Amino acid sequence: MTAPPAVEPPAETLSPAVARRIALAAQGFADPRPTAAVTRRHLAKAIGRIRLLQLDSVNVAVRAHYAPLFSRLGSYDRALLDDAAWTHSARRPRLFAEYWAHEASLVPLLDWPLLLSGAKRPGWWSHYGALADREPWLVEDVLTAVKELGPVGAGTLESALGGRGAPRPAGASWWQRSDVKRICEFLFGVGRLTTGARVNFQRLYDLTERVLPPDVLARHPADPEESARGLVRQAAAALGVATEPDLRDYYRLAPQRSRQAVAELVEEGELEPVEVRGWRHPAYRHPAARAPRRIAARALLCPFDPLIWKRARTERIFGFRYRIEIYVPERAREFGYYVFPFLLDDALVARVDLKADRAAGVLRVPGAFAEPGSDIRRVAAELAAELRLMAGWLGLDGVRVGDRGELSAPLARALSGT
């Protein structure tokens, strides 16, 4: 890798407020939600802007990949996304592929070759390469079985292969997978297998050439340096204004690869160096980034929304310290198990612990907490409206508020109309 060119000094200084509005506009929060029914075109436009939807197995409120679209588009049919991601027909071709991007993610089809180009550091699955080299027969057996049975889950493959891969002991942890599951993850990582479908969120593997269209496959392998520039360019468009570590984190690029790509994009005029008052690191603005005079947004943000997933950036832009507390013992949690920050206009004004109680048919809010200086009455009214919208979107009959947090009582009153 050649030494990166020298980066130009910033040509402009931005206030924190302008930088915040640029970031929100880049993520789609400056645009009104659709007034008509959401279509595949709306999905494609939204994901074309933020570039990826992170996948996560937690389902206490709603799965992570559904939530960012709700935040930006409002109520929509989740089957619309399932269809665009995991089914295919001549009439309705799939729009997205699944791969390791920020983490496991849905990405536009044409981004799949960029992510497999070598621009990213090899993922954790690369450690299974030694197993593939040591037992090539198992690789061929897995590929043959997937060809015959796919789309197919790893557990079914274990049974189909007659237990040649050592089965996982009862109660074993996620990282104690059988050899068959390890090989599936390795083949997914190198692009020979992909997700053919998901059933109850279980990944069903299929041969990549049976899932992705020929024009996408023809782009692989892609040049790693050009791909790195492409990924940084897309991260810059999605973030609006960002530091180099912010850009790097979006697709989890290697530091040197990211710095090289940033320097080259600056030299080519595709990134503009700027200074943001109060930011410790130099910043870069995408040339097409907008800075609206005001943002009139209202959204609940899941913990894996790209607006807030880099916690240091969230604190830098919004003055909002946010940590997910899933792995914190209950007695030690400050705000709750699965907390959604609440965006109102251009500020994060509250946070709510959410749980979809599907048996009772209600959206539960065990705790609601206002940020210092917030207009409690307005926040409660706007949050109540957004929670009603979310409950309806999830097919729940109403919202029930607990008693944790100073916002809980005003929120309950707003929901009851008193």
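Begin with the lining of the second largest pocket, which by class has nine nonpolar, six polar and four charged residues, where Ala, Val, Leu, Ile, Met, Phe, Trp, Tyr, Cys and Pro count as nonpolar, Asp, Glu, Lys and Arg as charged, and the others, Gly among them, as polar. The model is a predicted one, in which local features need pLDDT of at least 70 and side-chain atom pairs count only at pLDDT 80 or more, while totals for chains, interfaces and linings use all residues. Residues are numbered from 1 along each chain as its sequence is written, and side-chain values use heavy atoms, with hydrogens and water left out.

Select Lys120, Arg121, Pro122, Gly123 and Trp125, which lie nearest the centre of this pocket among its 19 lining residues. A pocket here is an open set of points, on a 1 Å grid over the protein atoms alone, with protein on both sides within 12 Å along at least five of seven lines, whereas a cavity is a set where a 1.4 Å probe fits but cannot get out; lining residues have an atom within 4 Å of a point. The volume of the second largest pocket is about 350 Å³, taken as the space filled by probe spheres set on grid points that are joined across faces, edges and corners. Colouring by domain shows that at least three lining residues come from each of domain 1 (13-117 + 221-285) and domain 2 (124-218), with bounds from an automatic or database domain assignment.

Next, turn to the two cavities of 30 Å³ or more. For the largest, of about 40 Å³, select Leu239, Asp246, Asp249, Tyr250, Pro306, Trp309, Lys310 and Arg313; this lining divides into four nonpolar, no polar and four charged residues. Helix H13 (residues 244-251) supplies the largest share, three residues; helices (H or I, at least four residues) and strands (E, at least two) are DSSP runs numbered from the N terminus.

For the second largest cavity, of about 30 Å³, select Ala23, Gln27, Ala238, Leu239, Pro306, Leu307 and Arg313.

Finally, go to helix H17 (residues 408-416), where Ser408, Pro410, Leu411 and Leu415 are buried, meaning under 20% relative accessible area with a 1.4 Å probe and protein chains only. These residues lie on the same side of H17 because they cover an arc of only 165° around the axis, an arc taken from the directions from the helix axis to the C-beta atoms. Their cover includes strand E13 (362-370), helix H16 (376-393) and strand E14 (398-404), contact being heavy atoms within 4.5 Å. Just after H17, select glycine 417, which takes a positive phi of about 85°.

Key. Buried < 20%, exposed > 50% of the residue type's maximum accessible area, 1.4 Å probe, protein only.
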